[in-house]
Amino acid sequence: MTDTNSPAARLAQRPYAQTLTGHKALVTGASSGIGRATALGLARAGADVVINYIGPAAGAEEVAQEITALGRRALTIAADVAQEDAVEQMFATALREFGTLHAVVSNAGLQRDSGFTEMTLEQWNTVMAVNLTGQFLTTRAAVREFKRRGPQEDITIALGKIVCMSSVHQVIPWGGHVNYAASKGGINMMMRSIAQEVAPLHIRVNAVAPGAIRTPINHDAWATPEAYQALLKLIPNGRIGEPDDIARAVAWLLSDDSDYVTGATLYVDGGMTLYPGFATGG
Ligand code: NAD
């Protein structure tokens, strides 16, 4: 983001409302991209944050330092969200250190792209394991903790709140990425079914579906001027999304301001799902 007067830059400078004061939150895949921005955004809104990561610790430690500088608590935990034992361990550590969790963002995800006939079973399984099974394991552990703890009405109206990171590709088919699109379509039905099951407990489960956001996962789509111009044809809003655009939507869905919202997907995509190719014809 070089233009400091761009809409995205101006938004980034706006303070977050203190809607998550007293909250303990956990964000998976929080050492980079959307997860990193979300962990920082939740801290700016008043939450203490567990930063889950996989691989080198440096990125997660940087996020933790930024959160600490904001006056909030941060805790980094390495865990592969696709592994049941690792997710259970992560929650045990988070609960030991923070006492409980009120808000969980199931964000970790990856791509293993390939033409359909060339796609290996390993590419398929890897994407399903992280993007779908990882969200199942994370969400299940979160709901178990909300039920164990019971209400804390001085902190939040709901028993607990979850945001699943989906994608516009839960509705837009994506050739060359069949595994990824299938995993995101799966998140949609998983999220809504969990939301239906736990709504009577006043646990809210929602999803955010980002469009094209400037992160490492889609570097090739925005890194060169040619790629960026081609990308803009898909975005009526006329700019790529920034990770903070997503963080603000997540913060709202985790706050009591959205207390009557559950089972919803909030598209944060600059209009990508408005099918801009039909604006002048079709
Ligand atoms: P990213 O690559 O920066 O972030 C993904 C994070 O998940 C990384 O930090 C990675 O280390 C982590 N991760 C991967 N496998 C993991 C595992 N097994 N256990 C724990 N963590 C793991 O990319 P991003 O764009 O920030 O992606 C975040 C989420 O947003 C993903 O679910 C992605 O599908 C979704 N999304 C991104 C875009 C976009 O345009 N960037 C669009 C739609 C949806």
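In this predicted model, a polar backbone atom of Ile34 lies 2.7 Å from an oxygen atom of the ligand. In Ser32, an N or O atom of the side chain is 2.8 Å from an oxygen atom of the ligand, and in Asn218 a polar side-chain atom stands 2.9 Å from a ligand oxygen. Taken on its own, the ligand has 820 Å² of accessible area, and the protein covers 91% of this area.

The surroundings of the ligand may be considered next. The shell around the ligand consists of 28 residues, among which Ser32, Ile34, Asn107, Tyr180 and Thr215 come nearest. By class, this shell comprises 14 nonpolar, twelve polar and two charged residues. Helices H2 and H6 each contribute at least two residues to the shell; H2 spans residues 33-44 and H6 spans residues 178-198.

Where does the ligand sit? The site is the largest pocket of the model. This pocket holds about 1,200 Å³ of space and is lined by 49 residues. Nearest its centre lie Gln111, Tyr180, Thr215, Ile217 and Asn218. Tyr180 and Thr215 are also among the residues that come nearest to the ligand, and Asn218 provides the side-chain polar atom at 2.9 Å from a ligand oxygen.

Helix H2, strand E2 (48-53) and helix H6 each supply at least two lining residues. The largest share, three residues, comes from H2, a helix that also supplies at least two residues of the shell around the ligand.

Conventions: Residues numbered from 1 in each chain as written. Predicted model: local features only at pLDDT ≥ 70, side-chain atom pairs only at ≥ 80, totals over all residues. Heavy atoms only, no water. 1 Å grid on protein atoms, 1.4 Å probe; cavity = no way out; pocket = protein on both sides within 12 Å on 5 of 7 lines; lining within 4 Å. Points joined across faces, edges and corners; volume = space filled by probe spheres on them. Helix = DSSP H or I, 4+ residues; strand = E, 2+ residues; numbered from the N terminus. Near = heavy atom within 4 Å. Polar contact = N/O pair within 3.5 Å; in protein donor to acceptor, adjacent residues only side chain to side chain. Areas by Shrake-Rupley, 256 points an atom, 1.4 Å probe, with all protein chains shown as cover. Sits in = over half its atoms within 2 Å of the grid points. Nonpolar A, V, L, I, M, F, W, Y, C, P; charged D, E, K, R; others polar.
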